Amino acid sequence: MFEKTIATIELMHQDKIIPGANYLFLKQGDIQKGVIGFKEVMPEEISATHDTLYDMASLTKVMMTNTLVLQLIEKNVLDIDAPFKTYLPSWHEERVTLRHLLTHTSAVYGYIEKRDELSGEELKQSILRLPVNKSIIGKKKVYTDTGTLLIGFMLEDYYKQNLHDLFTEKVLHPLGMTSSGFTNIDKTKCAPTQVTKTRGVIKGEVHDPKAYQLKEHCGSAGLFSTIDDSFKFVQMMLNKGALPSDDKMLLPETIESLLQDYTPTATLSRSLGWDLRYHLEKKHPILYHTGYTGTFMLIDIIEQEAFIFLSNRVHPYDNRQDYIRKRDELIEVFQKEQTN
């Protein structure tokens with residue numbers, strides 16, 4: 001199945017849009033996995049394998065941070081329409097809510113001057129002071145990592161633990177994602193990312209500059225995972241929060257609620273944490289999220305189908321626009337095959 005989608009991935013590899021990739025399809029209960037190309041091309045070519053660890057980039061947002069937030073919403077600890085300052089007093093703007101942060105409609109202006117020269121604590125304080133365009137709060141979607149960074153600070157305040165420990169305890173361990181992690185990973189299995197002047201070939205360390213400086217206090221990036229471990233998370237979502245142990249990570253109604261638009265006044269639809277795409281034939285919503293390094297997930301809760309794509313497209317160099325164009329073509333090919 002998905003022969004045209006696989007051929008498109010192969011072509012992306014041949015055209016050097018990506019060095020290689022791991023992929024997984026789930027359709028009508030059948031799982032199909034594959035590996036294409038290299039995990040590393042500099043300083044030498046090394047083939048990708050089934051257990052290659054990828055920098056998941058912003059998939060950290062939905063797999064880790066968002067999961068913990070949804071758990072607290074279930075427990076009525078958080079009200080998505082209360083001022084976010086209620087839960088993080090060090091934040092300054094009363095009008096911004098958790099809904100705004102989760103849907104990228106907060107209107108927080110994310111630019112930080114000389115960001116890479118700041119220490120982790122200095123960067124955190126700068127994020128807490130970022131200005132907000134009050135005239136467009138809730139009205140315009142602008143994708144940014146700022147909201148998830150702020151939510152991460154809130155989670156640390158609430159639990160009195162750093163995020164890496166929280167994510168490991170509350171997500172990775174319950175899901176049995178034993179190959180995944182943040183800094184305690186097998187770096188020899190990692191697909192490297194960009195070649196930079198300051199850090200050289202980045203391998204086994206997070207690519208994202210803010211996550212690199214914030215370290216265990218970053219909720220927007222930092223997770224490394226394999227295709228099999230990523231599928232464990234997707235299975236939990238498809239099983240409406242159920243775990244293999246018969247416990248629940250999330251309630252069924254929480255998963256079902258993600259299939260609605262939480263941005264009725266904004267220009268583009270978003271769920272809580274997730275983007276929404278739509279089934280080409282049946283038009284129902286599908287959960288979707290990407291990662292800057294070349295990763296994405298499509299999770300069709302209603303059809304019980306999924307597509308996971310893991311690559312390190314920034315290795316050795318970042319050709320973002322070429323990749324985005326080809327990625328969007330890839331998803332279009334997949335969705336057309338999905339309806340066959």
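How exposed is Asp322, in terms of relative accessible area? Asp322 is partly exposed, with a relative accessible area of 35%. The model described here is predicted.

## Salt bridges

A search of the whole structure gives 17 salt bridges. One of them involves Asp322, whose side chain meets that of Arg325 at 3.4 Å, N to O. Both residues belong to helix H10, which covers residues 320-338. Asp322 and Arg325 are 3 residues apart, about one turn of the helix. Arg325 is partly exposed as well, with a relative accessible area of 43%.

Another salt bridge joins Glu40 and Lys203, and here the closest N and O atoms are 2.9 Å apart.

Glu169 has a relative accessible area of 41% and is partly exposed.

## Strand E9

Strand E9 runs over residues 285-291 and is mostly covered. How many of its 7 residues are buried? The count is 7 of 7.

In a regular strand, side chains alternate between the two faces of the sheet. In E9, Pro285, Leu287, His289 and Gly291 point one way. Ile286, Tyr288 and Thr290 point the other way. Residues in both of these sets are buried.

## Neighbours of E9

Which strand is joined to E9 by 4 bridges? That strand is E8 (residues 275-278), and E8 and E9 run antiparallel. Within this pairing, Tyr278 stands opposite Pro285 of E9. The hairpin of E8 and E9 has 6 residues between the strands. In this hairpin Lys283 takes a positive phi near 70 degrees.

E9 also pairs with strand E10 (residues 295-300), in the antiparallel sense and over 5 bridges. Gly291 has Thr295 of E10 as its bridge partner. Between these strands the hairpin has 3 residues, and Gly294 there takes a positive phi near 120 degrees.

## Cysteines

How many disulfides does the model contain? The count is 0. Cys190 is in no disulfide, and the nearest cysteine sulfur to its own, that of Cys218, is 17 Å away.

A disulfide needs the two sulfur atoms to be within 2.5 Å. Cys190 is buried, with a relative accessible area of 0%. Cys218 is buried too, with a relative accessible area of 0%.

Key: Residues are numbered from 1 along each chain as its sequence is written. This is a predicted model: local features need pLDDT of at least 70, side-chain atom pairs count only at pLDDT 80 or more; totals for chains, interfaces and linings use all residues. Side-chain values use heavy atoms; hydrogens and water are left out. A salt bridge is a side-chain nitrogen of Lys or Arg within 4 Å of a carboxyl oxygen of Asp or Glu. Buried means under 20% relative accessible area, exposed over 50%, partly exposed in between (1.4 Å probe, protein chains only). Helices (H or I, at least four residues) and strands (E, at least two) are DSSP runs, numbered from the N terminus. Two strands pair if DSSP finds at least two bridges between them.
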